[in-house]
Amino acid sequence: MGFLPDLAWPAMVVFFGYVMLGLTGFGSALVIVPLLAWQWPLTYVVALTLLLDLPACVLHGGLNLKHVQWREIWRMFPGLALGSGVGLWLVHILEPRWPLLMLGLYVLAMGLRQMGNPNSPPRKLPSQVSVFAGGVAGLVEMMFGAAGPVLMTWLGWRLFDVMQLRATASALIACSAVIVLGGMALAGNLSEGALWHHWFWLIGAALLGTAVGDRMARSVPRTWLTRAMALLLVISGASLLKRFLVL
């Protein structure tokens with residue numbers, strides 16, 4: 001792995017990925033992981049993205065603290081922890097092709113639904129279902145490093161205000177990143193020196209992109225922002241299906 005010249009492309013990818021996170025509340029991994037996987041191993045890219053996600057999501061949550069719906073986070077947190085533990089176990093025994101297909105179809109369907117009816121009211125589902133949704137998100141985050149679509153589609157059923165939606169999704173991504181990184185650390189996946197070297201040189205691009213995206217979101221009409229989230233879900237679902245086909 002090279003030094004600064006080799007970081008020009010990763011820095012651009014990271015900046016754009018976190019502009020998307022700042023704008024919509026999720027989507028950084030969906031931009032960063034596929035593009036950087038061409039340069040570095042996939043498991044390495046997932047770990048690096050999660051390490052970048054944590055401070056970027058904390059920044060985004062701090063910029064939008066008044067919009068974070070903490071009740072939704074506490075409801076999902078036990079499921080996040082349990083799902084991450086199951087994912088850490090499954091990642092060593094399960095071939096990821098078929099879960100990737102199911103996740104891609106689910107995210108694509110939710111994105112198309114949201115694009116067709118962006119102003120649909122949130123569903124009043126029982127809190128027990130929040131625990132299940134958190135479990136799915138934790139499982140996906142551990143196995144694929146991209147729980148954003150799951151969190152966003154679930155919160156889209158619970159929260160009507162788009163600013164609450166993006167702020168709460170970002171806070172939940174930070175929570176899931178903490179849990180998953182803890183599991184990775186216990187498994188010895190964060191001990192590579194190059195990982196921290198690249199994090200040091202790329203964290204500035206991540207934080208700058210988050211701030212730029214958040215500033216853009218404050219001037220974008222909320223209907224457009226809702227449709228942008230839906231479009232990103234559609235693109236995410238399609239990219240997951242493409243990964244299923246090439247595995």
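The lining of the second largest cavity divides into eight nonpolar, four polar and two charged residues. Here Ala, Val, Leu, Ile, Met, Phe, Trp, Tyr, Cys and Pro count as nonpolar, Asp, Glu, Lys and Arg as charged, and the others, Gly among them, as polar. The model is predicted: local features need pLDDT of at least 70, side-chain atom pairs count only at pLDDT 80 or more, and totals for chains, interfaces and linings use all residues. Residues are numbered from 1 along each chain as its sequence is written, and side-chain values use heavy atoms, with hydrogens and water left out.

The structure holds three cavities of 30 Å³ or more (a cavity is a set of points on a 1 Å grid over the protein atoms alone where a 1.4 Å probe fits but cannot get out; lining residues have an atom within 4 Å of a point). The largest share, three residues, comes from α2. Helices are DSSP runs (H or I, at least four residues), numbered from the N terminus.

Helix α3 (residues 42-63) also meets helix α9 (residues 193-217): their axes come within 9 Å and cross at roughly 35°. Axes are lines fitted to C-alpha atoms over the stretch in contact, with angles from 0 to 180 degrees between N-to-C directions. The contact (heavy atoms within 4.5 Å) includes Tyr44 and Leu48 of α3, and Trp196 and Trp199 of α9. Its residues divide into 17 nonpolar, three polar and one charged.

Technical notes. 1 Å grid on protein atoms, 1.4 Å probe; cavity = no way out; pocket = protein on both sides within 12 Å on 5 of 7 lines; lining within 4 Å. Points joined across faces, edges and corners; volume = space filled by probe spheres on them. Helix = DSSP H or I, 4+ residues; strand = E, 2+ residues; numbered from the N terminus.
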